[in-house]
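I opened my notebook to get to know a structure that was new to me. Here is what I looked up, entry by entry.

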Amino acid sequence: MGWVCSMCSSNNESSERACIVCGETRPGIGLSFDIQSQMNSASDSFSSLLNAYKAVNVEEEFDNALDMIKSNPRAGFEKMLECAKRGYSPAQNEVGDCYYYGIGVSQDFSQALLWFEKAAQQDIRQAQYNVGFCYYHGKGTYKNQTTAVLWYKKAAEAGHAGAQNELGDCYYFGAGTEKDTEKAFFWYKKAADQGSDVGEFNMGFCYLRGVGTAVDEGKAFEYFTKSAAQGNLDAENAIGECYYNGYGVSKSTKKAIEHYTIAANGGSSKAQYSLGFCYEKGHGILHSKRKAIEWYTKAAEQGHEEARKALERLK
């Protein structure tokens, strides 16, 4: 395409750097490459600074939204949604939580999954775990344990302890993948090594039952103790079982009762049943049919089938 001289209005070929009639330099030719390069560089620097400002700004707005949700859930949700729509992945996961639990907005599992997935695609491991959980339990979508395993694995490999436990369960039960007790043990250990009380309990179970590893009652007791120290009621009950049966520790029905009581008072149906059984049989404690029925009833109300049968037997 040619160009028109601004001085004499003559038409010139595009290859001409100056007007063939008056010699006027073609527009733009006078701007040196160096100057143009500097202008481009300045423009790029400005864009980088603007993007950095926007990033800092959205982080501040995200923090404000987190605080606001506590005092004004609706307003906090709206502010969080604004951050999420700007592509800020932590906000996208939080919006998913709001929809999942109905915080500041009506509960909507489909919307929860949609926002979890947006964050998960940006490698937010908590969101990856959340997506796996939704698919595993059919929240906001159809149940698909195979897809759940894929997302649990992404989060587990990124170091999410909860996902490591869930993935271990999938391998243990053969849910969404082939049953593999060695892989179950592997992922339980990953979680336990991070200090997860659930992972520590699972490790105790594996060592006690020989799941994916050799039976080692001493190690089982050690892991149950670590888990119970963090308030895990299943582990507290398991310690009671260890003392009751002499697994990895000297047998002591008195100590078994102590741990059953802690777990039972905390709401463990298994411990409530065990405590009821001890009262019924007078193991480690004075026989009391009334107390037995009391604890069996608590366990049965939580759906413990053996406790229900025990109540029928005693009534």
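**Entry 1: a loop residue.** Where is Asp123 found? I traced Asp123 to the loop between α4 (109-120) and α5. Helices here are DSSP runs of H or I with at least four residues, strands are E runs of at least two, and both are numbered from the N terminus. I noted that Asp123 is not a glycine, yet has a positive phi of about 70°. Asp123 is also exposed, at a relative accessible area of 61%. For that term, exposed means over 50% relative accessible area, buried under 20% and partly exposed in between, with a 1.4 Å probe and protein chains only.

**Entry 2: what I am working with.** The model is predicted, so I kept its limits in mind: local features need pLDDT of at least 70, side-chain atom pairs count only at pLDDT 80 or more, and totals for chains, interfaces and linings use all residues. Residues are numbered from 1 along each chain as its sequence is written, and side-chain values use heavy atoms, leaving out hydrogens and water.

**Entry 3: the chain overall.** I found 15 helices and two strands in the chain. Of its 315 residues, 39% count as buried. The chain exposes about 17,200 Å², and carbon and sulfur atoms supply 49% of that; the areas come from the Shrake-Rupley method with a 1.4 Å probe.

**Entry 4: two helices together.** I then followed α5 (residues 125-137) to α6 (residues 145-157): their axes come within 8 Å and cross at roughly 165°. The axes are lines fitted to C-alpha atoms over the stretch in contact, with angles from 0 to 180 degrees between N-to-C directions. That crossing makes α5 roughly antiparallel to α6, a label for angles over 145 degrees. From α5, the contact (heavy atoms within 4.5 Å) includes Tyr129, Phe133 and Tyr136. From α6, Trp151 and Tyr152 are among the residues taking part. I sorted the contact residues into nine nonpolar, four polar and two charged. In that scheme Ala, Val, Leu, Ile, Met, Phe, Trp, Tyr, Cys and Pro are nonpolar, Asp, Glu, Lys and Arg are charged, and the others, Gly among them, are polar.

**Entry 5: a buried valine.** Is Val149 buried or exposed? I found Val149 buried, with a relative accessible area of 8%. Val149 lies in helix α6. Beyond its neighbours within four places in sequence, Val149 is in contact with Leu167, Cys170, Ala175, Gly176 and Thr177. Val149 and Tyr135 are 14 residues apart in sequence, and their C-alpha atoms are 8.9 Å apart in space.

Definitions and conventions: Parallel < 35°, antiparallel > 145°, perpendicular 65-115°, else oblique.
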